[in-house]
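Subject: Structure handover

Hello,

Here is the structure we talked about. Please look it over first; my notes follow below.

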Amino acid sequence: MSQITNDVTNSCWLFLEIKSVGPRDDQDHAVMSHNQISGSGRWEVFSDGVSNDVITATGKRANHPFHCSLPPIYILSDGLIVPVVIIILKPVYRMLSLEGNDDGGQPLSRINFASVPNGLLLHEQPNYLMNFPNLFFPGKDETKKDPRKRRCRVSFEILSRIDSWRFREIDC
């Protein structure tokens with residue numbers, strides 16, 4: 001690895017996903033596509049580049065393969081290593097019309113903030129996928145969808161168990 005990289009930067013590349021929902025869709029998770037989660041970032045041979053292991057989204061009734069597309073790190077042309085950080089912001093709004101209010105407004109109720117572990121933390125040390133196998137569970141895709149493009153759900157409850165700071169709820 002030393003021939004590939006020179007140094008780790010003190011900054012990161014932040015991937016911010018905003019998943020706005022109303023009261024009908026408000027659940028304790030976020031649905032994420034394959035290109036919104038970083039994977040294992042295997043780099044065995046310099047010329048082959050980075051690849052990600054397929055993980056299993058494990059649910060109560062079903063499982064399916066999940067193909068993370070993002071690398072856990074980017075290596076810049078000068079050899080600098082830039083880690084990837086995935087943040088989910090989930091604004092949750094109310095629907096006043098459902099509450100008997102005729103003005104039909106949709107004020108913000110709260111904002112959920114979640115930090116998904118980088119792919120290296122998921123696969124290597126401390127290997128969160130082994131310790132928390134239900135962190136990712138099947139998304140809302142049909143079984144006929146291309147397996148490489150199926151989504152998964154990220155459990156906010158399990159993120160809280162990994163570290164309390166990984167999930168926060170801010171009332172508005």
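Buried residues make up 40% of the 172 residues in the protein. Here buried means under 20% relative accessible area, exposed means over 50%, and partly exposed lies in between (1.4 Å probe, protein chains only). This is a predicted model: local features need pLDDT of at least 70, side-chain atom pairs count only at pLDDT 80 or more, and totals for chains, interfaces and linings use all residues. Residues are numbered from 1 along each chain as its sequence is written, and side-chain values use heavy atoms, with hydrogens and water left out.

**Overall layout**

The protein has 3 helices and 11 strands. Helices (H or I, at least four residues) and strands (E, at least two) are DSSP runs, numbered from the N terminus. Along the sequence the pattern reads β-β-β-β-β-β-β-β-α-α-β-β-α-β. The C-alpha atoms fill a box of roughly 65 × 40 × 25 Å along the principal axes.

Now the contacts (heavy atoms within 4.5 Å). Take those with a separation of 6 or more: residues 24 or more positions apart account for 65% of them.

The protein exposes about 10,000 Å², and carbon and sulfur atoms supply 49% of that area. Accessible areas come from the Shrake-Rupley method with a 1.4 Å probe; for residues, only the protein chains shown count as cover.

**Salt bridges**

The whole structure holds 6 salt bridges. The term means a side-chain nitrogen of Lys or Arg within 4 Å of a carboxyl oxygen of Asp or Glu.

Start with Arg42. Asp53 forms a salt bridge with Arg42, with the closest N and O atoms 2.9 Å apart. Both residues sit in the loop between β3 (29–32) and β4 (55–58), 11 residues apart. Asp53 is partly exposed at 27% relative accessibility. Arg42 is partly exposed too, at 30%.

Arg42 also meets Glu124 in a salt bridge (3.2 Å, N to O). Glu124 lies in the loop between α1 (119–123) and α2 (128–131), so this pair ties together parts that are 82 residues apart in sequence. Glu124 is partly exposed, with a relative accessible area of 38%.

Next, look at Arg110. This residue forms a salt bridge with Glu169, the closest N and O atoms being 3.2 Å apart. Arg110 is in strand β8 (residues 108–116) and Glu169 in strand β11 (residues 167–171), 59 residues apart. Arg110 is buried, with a relative accessible area of 15%, whereas Glu169 is partly exposed at 46%. Salt bridges that share partners join Asp26, Arg110 and Glu169 into one network.

Best wishes
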